[in-house]
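Colleague: I have a few questions about how the parts of this model are described. Can we go through them one by one?

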Amino acid sequence: MPVESENNGPGRGRTLVTGVIGADTHIVGNRILGMALEEAGFKVVALGALTPAEDFVKAAIETAADGIMVSSLYGQGELDCRGFRALCVEAGLDDILLYVGGNLVVGKQDWVGVEKRFLDMGFDRAFPPGTRTADVIAALRRDFAARAEGRQRAET
Amino acid sequence: MTAAALLIDFGSTFTKLRAVDLEAAHVIGSGQGPSTVTTDVTEGLHKALGDLEHRIGWLPDFKHRLACSSAAGGLRMVTVGLVPELTAEAARRAALGAGAKLTGTFAYRLTEGDMHRIESIGPDIILLAGGTDGGNREVIVENAKRLAASSLACPVVVAGNRDAADEAASALARAGKPVTVAGNVMPEFGRLDVEPARAAIRQVFIDRIVHAKGIDRAAAMFDVVLMPTPAAVLEGARLLADGVKGKPGLGPLVVVDVGGATTDVHSVAEGAPTREGVVPHGLPEPVVKRTVEGDLGMRINAKAIAEAVGFDAIAVAADLDQARVRALFDKLTANVERLPQSDDERRLDRALAEAALRIAMTRHAGTITIVQTVTGPVSIQTGKDLSDIKVLIGTGGVLAHGAGGAAMIKCCLADPAEPHTLRPRAPDLYLDSDYLLFACGLLNDKEPEAALTLGLRHMHPVGNNVS
């Protein structure tokens, strides 16, 4: 398997919409993620904090985005993200890649259960607090490579 | 004899002239004739020139003869974009900024029904947007093909995704539609760039629309019809605000114009938040912004104003009983050119203008919404914050000619009872009593300094709100 150079993997030139969903003002992590994504060669459409779910979808339509990266840090992510995939399907973005990450729920809950809930909501991947940006980028590259082969996402 | 310029407004009711001394930068005289665009435009212009000559006793040899036009329905425009709040909204703003009269706004893929509607509207021009640069390309190309296959013959300005613009334009060109490609109205997500589209629309207006409307029949009597009248007013406002090199203007300002069919608000201002800790939200605002309230007009839409604020409220404001108000309304709608002839009618006009101004300014200005977050309430600003604007100018018939224009434009100002709308708080108030803003906007094209001096001299201060 050929080794991907930093700016030349699958995903190079792909457009990703980022933002912090709901009434959440925690922007710092989202900014750091955005910078890392840009450095990795992605085109980032940054919506910033306090972004309603509908705005992610509208931005994705207009920019023909390949993926949406939803951040939520204030514990209400589960409420805010409910129906997110449905919104995308409604807007004709049936297969858009959806990631979610951050402090998705309140209190100490078992991550496996939390992840399952978000995957059941239609997200392709969910990331716990403390995830490294490099891991997210690696996952994006695997998923875009899988899509180039006609699969929805990579196995791992 | 010093050099003079003739500024012409081919309006829907009147042909208005202003003769200006370019060295002294003052008005030599005015003339007015009927609007005869539907028959022979030269007739009304001849009459207006006769009126001008009659008033000043002679006709100068004009160095410039510049015109604008809102006759024959104005520049009737349809806009098409992708997402209603994004490129479709950007297209709408570009169209309004170009002085167009919006006759239809469309988003997403044009349906069969949409196409029927556009064909029945029969616009003078279509602005086709959609997709950020490198973004969605299917929809604009598909919409271009639909327009190409239609019976429409009007020019199309393509101002969408750069990657798709050529394909969209050639689909239209192959079908024989006149097409111009301009820069994308939204090149990146959240960034507006309406200037290139605005310039392209203006060029199409000069090259084609003037001819299509029959105004060029009087071509021997003027040099050029530069733009639609609302664009001339907006240009005038921009000049007054920004000034020219070496001669400052008035700074950020707002112009309100109450007409018979619509109420226009023009602002030349950044509109950045003035309150602490406010987060701006939504599309960025163009510095030079025009909004048109198609439901607020002193004659054609008098009833709509009353419906918006309530007949009883209008009656109270005009100090008339409701039956009398309704009777007067019937008179107004039966004859939309009617000027007030009694005290009752003047009071009703004033109440209507005040209501129209209050609503139009509220819609033009930004708003603050409070969002509750876990870290406490956050104020979000949508639109322009005009609180600190220092200059508010009233123009248009009822404000300029009626008595009490100064009192009327105060209705635009911020109201402590509505703290969430960001209307101007305490600007100095001016009236364009001589109807010169359009003339300044036109003259700006050739003699910006004279145009500025003229404008500064002829906006009449009528006090400020600090009382």
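Colleague: Which domains does the domain assignment give for chain B?

Modeller: This is a predicted model. The assignment gives chain B domain 1 (4-72 + 213-222), domain 2 (76-209) and domain 3 (238-298 + 340-464).

Colleague: How far apart do the C-alpha centres of domain 2 and domain 3 of chain B lie?

Modeller: They lie 28 Å apart. The contact takes eight residues from domain 2 of chain B and eight residues from domain 3 of chain B. On the domain 2 side, three are nonpolar, two polar and three charged.

Colleague: What makes α4(B) roughly parallel to α5(B)?

Modeller: The crossing angle. Helix α4 (residues 138-148) of chain B and helix α5 (residues 162-174) of chain B have axes that cross at roughly 10° and come within 8 Å. Angles under 35 degrees count as roughly parallel, so α4(B) is roughly parallel to α5(B).

Colleague: Which residues of α4(B) and α5(B) meet?

Modeller: From α4(B), Ile140(B), Val141(B), Ala144(B), Lys145(B), Leu147(B) and Ala148(B). From α5(B), Ala164(B), Glu167(B), Ala168(B), Ala171(B), Leu172(B) and Arg174(B). By class, this contact has nine nonpolar, no polar and three charged residues.

Colleague: How many residues of chain A and chain B are in contact?

Modeller: Twelve of chain A, with 19 of chain B. Helix α2 (residues 53-63) of chain A gives the largest share of the chain A side, five residues.

Colleague: How do the residues of that chain A side divide by class?

Modeller: Into seven nonpolar, two polar and three charged.

Conventions:
Residues numbered from 1 in each chain as written. Chains lettered and ligands numbered in written order. Predicted model: local features only at pLDDT ≥ 70, side-chain atom pairs only at ≥ 80, totals over all residues. Axes fitted to C-alpha atoms, helices over the stretch in contact; angles between N-to-C directions. Helix = DSSP H or I, 4+ residues; strand = E, 2+ residues; numbered from the N terminus. Parallel < 35°, antiparallel > 145°, perpendicular 65-115°, else oblique. Contact = placed C-beta atoms within 7 Å. Nonpolar A, V, L, I, M, F, W, Y, C, P; charged D, E, K, R; others polar. Domains from an automatic or database assignment.
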